[in-house]
Amino acid sequence: MPSGLAPAASRTVTIAGTRYPIEVLARSRAPEPDAVAIVVPCHEAFELTRLCLDAIRRFTDVPHEVWVVDNASSPATVGRLVGETDANLILNRAAPWRRSGLFARFLPWYRQAGGGSVANGVALELAAEVVQPRWMFCMHNDAMPARRGWLAYLRSRLDARTRAVGVRQDPTRVRAAHQSGLLFDFSLFRPLRMSFMPGLPAYDVGDLVSVRLREAGYEVAICDNAYNRPELRERLPEGHWLKAINCDIAFDPAGEIVYLHLGRGTLRYSQPGSEHARQLALDDWLALVRAHILAP
């Protein structure tokens, strides 16, 4: 069941041998014990996070509660999270990329990708310690649901054997459901020794959710998506705003778009095989989503 932490509770959580002082503001809790905890890690980029939260609020119609885990953003960004959103907040005051032990361990990968993997792992581990829900949906703040019923659809994919469903699969290491959009049975997290922390190069952040489930005989479902099946993008109508944008697109069985993840569609990345699709500046993504997904 969801935890009963009071707002503005301060505590220290130890992750991978490092202590993280946090402040918890539990402001909007779902009373249903079967509610889904939606966990959104972030660092700065407030407008991107707010867009994600707006989409969750508009399109989620099953019992849920939203937790934003902020990794050492500036006081101005934290002030906006507190004052301009109603999400539950876990405020981590110690930047993971400045903690010497983790930094030394992952330094080569930090140089390649900016340390986001470790930061996301720490944020999700903090949520696992604080929230302890029955069901957890972990996502990125540059991802969002795209239509009403998205979470009900993902939950419909779960059964006694299938205990997780992801919006896409990362095929590069262990065929894991990527944590840019992953719903799973959190009651199995501790018993199966899952972890969100990466162990590169063998596995990335969140991969051990899929690994441990499969080791225990469970299945992990994956949505149809344009990352694993690029031909699905070509089925979009001519002139569709997403047809030429290099972002992740997840579909339901009827071919309706249910979830988007900007991810490697940003200008800082390029993706083999997607040279025809354009990468976006962040402001372009914000404008397109406001116009096509969150228009009044």
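These are my notebook entries on what I looked up in this predicted model.

**Ground rules.** I number residues from 1 along each chain as its sequence is written, and I work with side-chain values that use heavy atoms, with hydrogens and water left out. Since the model is predicted, I note that local features need pLDDT of at least 70 and that side-chain atom pairs count only at pLDDT 80 or more, while totals for chains, interfaces and linings use all residues.

**Overall.** Of the 296 residues, 57% count as buried, where buried means under 20% relative accessible area, exposed over 50% and partly exposed in between, with a 1.4 Å probe and protein chains only. I also checked contacts (heavy atoms within 4.5 Å): among those between residues at least 6 apart in sequence, 68% join residues at least 24 apart.

**Cores.** I then turned to the nonpolar cores, each a set of buried Ala, Val, Leu, Ile, Met, Phe, Trp, Tyr and Cys residues joined through side-chain atoms within 4.5 Å. The largest has 59 residues, and Ile-38, Leu-260 and Trp-285 touch the most other members. Helix α1, residues 46-59, gives the most to this core, with eight residues. Apart from it I find another core, of 39 residues, which includes Trp-67, Phe-189, Val-209 and Ile-222. For Ile-38, leaving out residues up to four places away in sequence, I list contacts that include Ile-56, Trp-67, Phe-137, Met-139 and Trp-150.

**α1 against α8.** I looked up how α1 meets helix α8 (residues 282-292), and their axes come within 11 Å and cross at roughly 25 degrees; the axes are lines fitted to C-alpha atoms, for helices over the stretch in contact, and angles run from 0 to 180 degrees between N-to-C directions. That angle makes α1 roughly parallel to α8, the term applying under 35 degrees, with roughly antiparallel over 145, roughly perpendicular from 65 to 115 and oblique for the rest. On the α1 side the contact is made by Glu-47, Leu-48 and Leu-51, and on the α8 side by Leu-282, Trp-285, Leu-286, Val-289 and Arg-290.

**Ile-22.** I placed Ile-22 in strand β2, residues 18-25, and at 4% relative accessibility this residue counts as buried. Leaving aside neighbours within four places in sequence, Ile-22 is in contact with residues including Ala-9, Val-13, Ile-90, Leu-91, Leu-126 and Val-130.

**α6.** Which helix did I find to be largely enclosed by the rest of the structure? Helix α6 (residues 207-215) is, because seven of its nine residues are buried. What covers the buried residues of α6 includes β8 (162-166), β10 (176-177), β11 (181-185) and β12 (219-222). α6 is followed by Gly-217, whose phi is positive, near 95 degrees.

I noted Ala-72, with phi near 55 degrees, in the loop between β4 (64-71) and α2 (75-84); at 18% relative accessibility Ala-72 counts as buried. Arg-175 also has phi near 55 degrees and sits in the loop between β9 (169-170) and β10, but at 47% relative accessibility Arg-175 counts as partly exposed.

Note on methods: Helix = DSSP H or I, 4+ residues; strand = E, 2+ residues; numbered from the N terminus.
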